[in-house]
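Here is a short briefing on salt bridges. Look at the charged side chains first.

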Amino acid sequence: MSKQETYEFTPAEESADDAQAGWSAAPTVGEMQLDDRSALRRVAGLSTELEDVTEVEYRQLRLERVVLVGVWTEGTAVQAEASMAELAALAETAGSEVLDAMIQRRDRPDKSTYIGSGKADELRGIVLETGADTVICDGELSPAQLTALEKVVKVKVIDRTALILDIFAQHATSREGKAQVSLAQMEYMLPRLRGWGESMSRQAGGRAGSNGGVGLRGPGETKIETDRRRIRERMAKLRREIREMKTARDTKRAKRVSSGIPQVAIVGYTNAGKSSLMNALTDAGILVQDALFATLDPTTRKTALEDGREVVFTDTVGFVRHLPTQLVEAFRSTLEEVTGADLLLHVVDGSDPLPDQQIKAVREVITDVLRESGTPAPQELLVVNKIDALDPLDVTQLRGWLPEAEFVSARTGAGLDSLRDRLDRILGGLDVEVSVLLPYTRGDLLARIHADGRILESEHAEAGTLVRARVPQALAGQLVEFAHAGTSSNGSGPDEEI
């Protein structure tokens with residue numbers, strides 16, 4: 001037997017070996033989350049679910065081989081095709097294989113089968129030809145439409161809302177995110193619970209039962225009614241938990257606001273590159289994935305700009321056209337991150353064929369959130385991302401259409417210096433100029449001015465330090481008692497004495 005030998009590597013040697021092998025010594029949180037997400041894959045063809053969907057009392061969402069169906073009621077043909085392309089991207093993000101797609105032009109969706117009886121028969125033929133096991137409709141279907149269409153196509157039918165809810169359920173990681181997704185799913189599922197045959201009239205046992213003799217007579221409770229009651233009880237519990245978590249989130253947000261550090265919320269359409277831009281600006285190391293709704297849990301990071309000013313960036317959940325109402329309500333506490341922001345960094349995917357539709361969808365959701373909270377709209381800065389994927393001519397056209405926007409590539413770093421300079425100017429305009437005499441015992445306030453503001457003049461006197469600086473308004477309020485002969489100005493009106 002050969003003698004075993006033990007080798008000990010110093011940290012420097014290990015780092016050198018790792019670098020030579022192309023390994024990262026310390027993977028980021030985002031990289032680890034991406035590995036976890038990639039470790040779970042759906043395996044097609046192993047489902048033990050009954051083939052005849054009408055024999056199943058309650059069904060789990062099954063997405064394997066799908067056919068897409070859309071009803072084109074308004075807009076141009078380009079917009080209709082873009083909507084179907086987005087639905088295909090949603091289906092692939094959920095783990096499906098898209099086999100075929102069809103669009104029907106009509107004034108409004110059919111009240112019975114969504115696409116009409118003739119197109120439903122045609123859809124059945126496509127399902128048989130492709131071997132699909134699921135049909136996804138590009139819209140929110142009523143329970144009656146779902147049932148009627150399933151009876152024709154003989155496979156499972158889901159709508160756009162259920163698809164988005166499934167993606168959220170896969171990607172939620174935090175306790176709050178999981179609770180919000182569960183609440184949204186239950187709100188969607190409650191009116192769509194179905195039963196067939198005896199399950200509709202099944203009675204509860206005990207005193208609630210019927211024909212059971214003395215003390216056992218009564219109308220009873222059907223199985224579907226029992227499930228509805230349990231879902232309502234679970235929803236009430238989830239709402240209480242979310243309210244408690246919202247209180248903790250509001251406390252953290254209030255602490256950030258009172259610190260006087262400017263708050264910047266990064267908002268935008270899903271997969272526009274918000275997380276990539278956040279990583280480029282703050283080295284946050286959060287999850288980046290070329291998929292829709294990769295980010296569900298908001299991430300907050302503090303960084304310093306070129307002039308040393310500290311800024312807090314918050315990456316938020318992405319938006320999408322026709323975002324389900326259940327999700328907007330459930331994620332309201334998360335979306336409220338935009339209400340306390342000093343600036344909204346609105347990221348737009350420059351490579352999208354319809355960026356104007358992205359901007360419109362995002363602004364509609366933000367307007368609803370701000371209206372509910374009763375807060376004024378923060379200043380908005382448009383940032384067109386992914387310019388590295390565009391032709392120079394397309395970039396020129398976008399610059400003409402969005403003259404006030406910044407054009408960047410979070411992947412290559414192009415335009416980031418210009419964006420940082422713009423942030424310096426915008427956030428600097430939110431500051432207040434103060435002139436104060438700080439006692440030598442209040443070095444903490446002087447340190448705050450250095451960290452959160454910009455010192456214009458500083459002089460040591462017998463009674464303390466004379467400082468003229470531009471600081472956030474919250475910090476200016478704490479400096480009022482140390483006011484010295486000077487002025488305060490926010491740059492947008494007459495000077496005020498502090």
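Arg 363 is partly exposed, because its relative accessibility is 37%, between the 20% and 50% cut-offs. The model is predicted. Across the whole structure, a search returns 18 salt bridges.

**Arg 363 and Glu 380**
- The two side chains form a salt bridge at 2.6 Å, N to O.
- This pair links distant parts of the chain: Arg 363 sits in helix H12 (residues 355-373) and Glu 380 in strand E9, 17 residues apart.
- Glu 380 has 30% relative accessibility, so it counts as partly exposed.

**Asp 349 and Lys 386**
- A salt bridge joins these side chains at 3.4 Å, N to O.
- The partners lie 37 residues apart, in distant parts of the chain.
- Asp 349 belongs to strand E8 (residues 343-349), while Lys 386 is in the loop between strand E9 (379-385) and helix H13 (392-401).
- Asp 349 is buried, because its relative accessible area is 9%, and buried means under 20%.

**Arg 65 and Glu 97**
- Their side chains meet in a salt bridge at 3.5 Å, N to O.
- Strand E1 (residues 65-72) holds Arg 65, and strand E2 (residues 97-105) holds Glu 97.
- The pair links distant parts of the chain, 32 residues apart.
- Arg 65 is partly exposed at 27% relative accessibility.
- Glu 97 is also partly exposed, with a relative accessible area of 41%.

Key
Residues numbered from 1 in each chain as written. Predicted model: local features only at pLDDT ≥ 70, side-chain atom pairs only at ≥ 80, totals over all residues. Heavy atoms only, no water. Salt bridge = Lys/Arg side-chain N within 4 Å of Asp/Glu carboxyl O. Helix = DSSP H or I, 4+ residues; strand = E, 2+ residues; numbered from the N terminus. Buried < 20%, exposed > 50% of the residue type's maximum accessible area, 1.4 Å probe, protein only.
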